[in-house]
Amino acid sequence: MASPPLTTRRDALTRALERWNALPATARFFILLAAAASVPLLTSNDYVIRIAGNVCLFATLAVALNVVVGYAGLLDLGFIAFYGIGAYTYAILSSDQFGIHWPSWASLIFIGLVGLVSGFLLGSPSLRLLGDYLAIVTLGFGLVFAQLALTLDRVELPWHPGVIINLTGGTNGIVRLDPLSFFGFQLHTVTHYFYALLVWLALVLIIVHRLNQSRIGRAWRSMGEDALAAETMGMPTRRLKLLAFSCGSAIAGITGGIFAAWQQSVFPQNFSTDVLITLYAMMVLGGISNLGGAVLGAGVLAIAPELLRSPELARLIFYAALVFGLLLFTRPRRNGLLVLVSVIGLGALLRLGVQAFAPDWLSPPTLEVAAVSVSTAIDRFSQQFGIYVQGWIVLLKEPLLVGNLAFAVMIPALLALSRMKPGRIKLLLTIPAVYLLVFVWETRLAAEPAVTRLLLIGGLLVTLMIFRPNGLLGRRKVEIV
Amino acid sequence: MTLLEFTNISKSFGGLQVIRNFSFAVNAGEIVSIIGPNGAGKTTVFNLITGLYTPDQGDIRLEGKSLLGLEPHQICGRGIARTFQLLRLFLNMSVRENVMSAAYPRTHSNLAQIIFRTPGFQREEARIRALAEEKLGFFGERLAGAFDQLVYSLPYANRRQVEIARAMATEPKMLLLDEPAAGMNPNETQEITQLIGELRTRGGYTILLIEHDMQVVGDISDRVIALDYGEKIAEGKYQEVATNERVIEAYLGRKHRIQ
């Protein structure tokens, strides 16, 4: 009897992904760059372009953080301070705070140097610290910076008593910053700054990629694998760690400068620990030590909160992701279709049951009006779709208790499901699990979108990390063999 | 010509004296083996030479210049490379990358050259690549075709060879091999013995070896030094050392002295 073929079954989607990965990195880079650059051409909605700008901003920071954490293996919890130092330096150099108005190119180069030096200054004494201890020291540095930003509005120099300098503007920050201007062209719209940030992101990606493909990148990776062996093989580990640290801080600084110019102001809360945590989440989500991952993670975590702000868009994205996920992650793919159809059937059954035995529990469809609209066409389609879905699902008049219970049951259920061995039982249990997911979405989101937004983002993160524990694009590292 | 001088070295960890007034020298082109029972301090000697530990007393000189106070990567730069008793390869990198990474101390590309991909940088990358292929080529058939495989997927004997290739890529004057034949079957042991000989003849390296397998030691060493509890108990040709009373006593115990 003939033995089964050794190649795994590949369908259209897998083959498309393979063809994508087979393209040289340069080609993939330019395709994605072109796609990103076309965003302002496809929509004139400033809100969307601002989100895209934010994605570029955070992607650059995530890539820089990746160099420090992923390549050099240094857990820097004060990274956000370099971002802030860059932003505040720009603010001081380009505003009425001190009446200094440097040209943009000079500011950015100076900020780069400031970032480099501050990274070097923080890095030098702390590099003899290992792991967790370095984390604490850098965290301290980050907190010190936040505090200084708040309190350096009343600086008294010892040799000029009585003269009080307002360095950082305290809680009020510094406002009315000069916009960026290059070769006489002043950037003043969201689109301009989006392109500036995109260009900067592209530059950073190229620089980091080239560093990666050099003796320095190899040394960084070797250090990450076994620092002792690397040192013994002639790689100056201390110097290399410092280099990674300084590179990351310099990039963060310049990014901060561009951010300050875009926002036309700087405030202490722009550089809080919250932002740092989000940044780390972006990097880990994408996959540590993976450039593409950092960008992807930044994309997901910069876009998700915005999407969830608009219930219409959120609904469409949710269902699209659900269907897509079912079809993508089930093997064979027709099982995913089977689950989908069964869920619809189960839903209809439950609805009919409740209608028959407890009709007064049900409520008519409820619709949220979007505070910010991405597109009226999308809104209308989403609302129509919403009416159908809410007619199919068991929509309760008193959704809070049942919705909360369902949410509490859903997370462990999904966890347990992910741990099961693939097979008939897992397939069968996926059906009520998916129904539960949709039920929770419709009941909770309809009730309190603002509150559940963060809950859903948290749920998204947990789920993604369960299914891809090394990040979306990360690879499992083999430790001991 | 004396390449390495290890003079009056003592080392203790807390209350435990690991090396006691130990001296020896290695001449250029020699293959010297250090033998001794487990815990004698052999790997500690390697760690002292490569700068991972600092001696409490004594001096270590390479080509007349002291190695004390230097960082391990500087000592490697001076021309000493080692392999580890329990392999310390960069597991998630390919064979080629492992060896290329060790070419670091002999390369000079700086940040600017790397970022702008100057012709100087590209020439150096090509040179590093060629160097890695040359060193890996030393092992001939055994590693051929596996250059782009990730190291963790290689069989044990091949991983040992990659580690030796990696040490060679630092272009040292002297190789310190820590138990290269450990865990090998008789065939592989024979290959390793041959290999070490070729390292001297074709590669021109001076070799300091730690080994338990007396077959290998006997076949390949010019000189053997026996260590026990951190002290030198014998030195000389293999035949002399292997039949030395104190050496036999160290390995087998007092009651088993061969008359």
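1. Basis. This is a predicted model, in which local features need pLDDT of at least 70, side-chain atom pairs count only at pLDDT 80 or more, and totals for chains, interfaces and linings use all residues. Residues are numbered from 1 along each chain as its sequence is written, while chains are lettered from A and ligands numbered from 1 in the order in which they are written.

2. Strand E8(B), burial. Five of the five residues of strand E8 (residues 206-210) of chain B are buried, so the strand is largely enclosed by the rest of the structure. Buried means that 20 or more other C-beta atoms, placed from the backbone, lie within 10 Å of the residue's own; exposed means 12 or fewer, and partly exposed is in between. Strands (E, at least two residues) and helices (H or I, at least four) are DSSP runs, numbered from the N terminus. Thr206(B), Leu208(B) and Ile210(B) point one way from E8(B). Ile207(B) and Leu209(B) point the other way, and all are buried.

3. Strand E8(B), pairing. Two strands pair if DSSP finds at least two bridges between them. Strand E3 (residues 31-35) of chain B runs parallel to E8(B), joined by four bridges. Here Ile31(B) has Ile207(B) as its bridge partner. Strand E7 (residues 174-178) of chain B also pairs with E8(B) in the parallel sense, over five bridges. In that pairing, Ile210(B) of E8(B) stands opposite Asp178(B).

4. Strand E7(B). Strand E6 (residues 80-82) of chain B pairs with E7(B) in the parallel sense over three bridges. Met174(B) is the bridge partner of Ile80(B).

5. Crossover. E7(B), helix H7 (residues 186-201) of chain B and E8(B) make a right-handed β-α-β unit. Right-handed means that, with the strands pointing away from the viewer, the path from the first strand over the helix to the second runs clockwise.

6. Helix H11(A). Helix H11 (residues 237-263) of chain A has 27 residues. From first C-alpha to last, H11(A) reaches 39 Å, close to the 39 Å expected at 1.5 Å a residue; the expected span is 1.5 Å times one less than the number of residues. Of the 27 residues of H11(A), 23 are buried. Gln264(A) follows the helix, with a positive phi near 60°.

7. Domains of chain A. Chain A is divided into domain 1 (24-309) and domain 2 (313-467), with bounds from an automatic or database domain assignment. Their C-alpha centres lie 37 Å apart. Ten residues of domain 1 of chain A are in contact with eleven of domain 2 of chain A; contact means C-beta atoms, placed from the backbone, within 7 Å. On the domain 1 side, H13(A) gives the largest share, five residues. That side has eight nonpolar, one polar and one charged residues. Nonpolar covers Ala, Val, Leu, Ile, Met, Phe, Trp, Tyr, Cys and Pro; charged covers Asp, Glu, Lys and Arg; the others, Gly among them, count as polar.

8. Chain contact. The contact takes 26 residues from chain B and 23 residues from chain A. Helix H2 (72-78), helix H3 (95-101) and helix H4 (111-115) of chain B each supply at least two residues of the chain B side. H2(B) gives the largest share, four residues. The chain B side divides into 13 nonpolar, eight polar and five charged residues.

Terms used: Contact = placed C-beta atoms within 7 Å.
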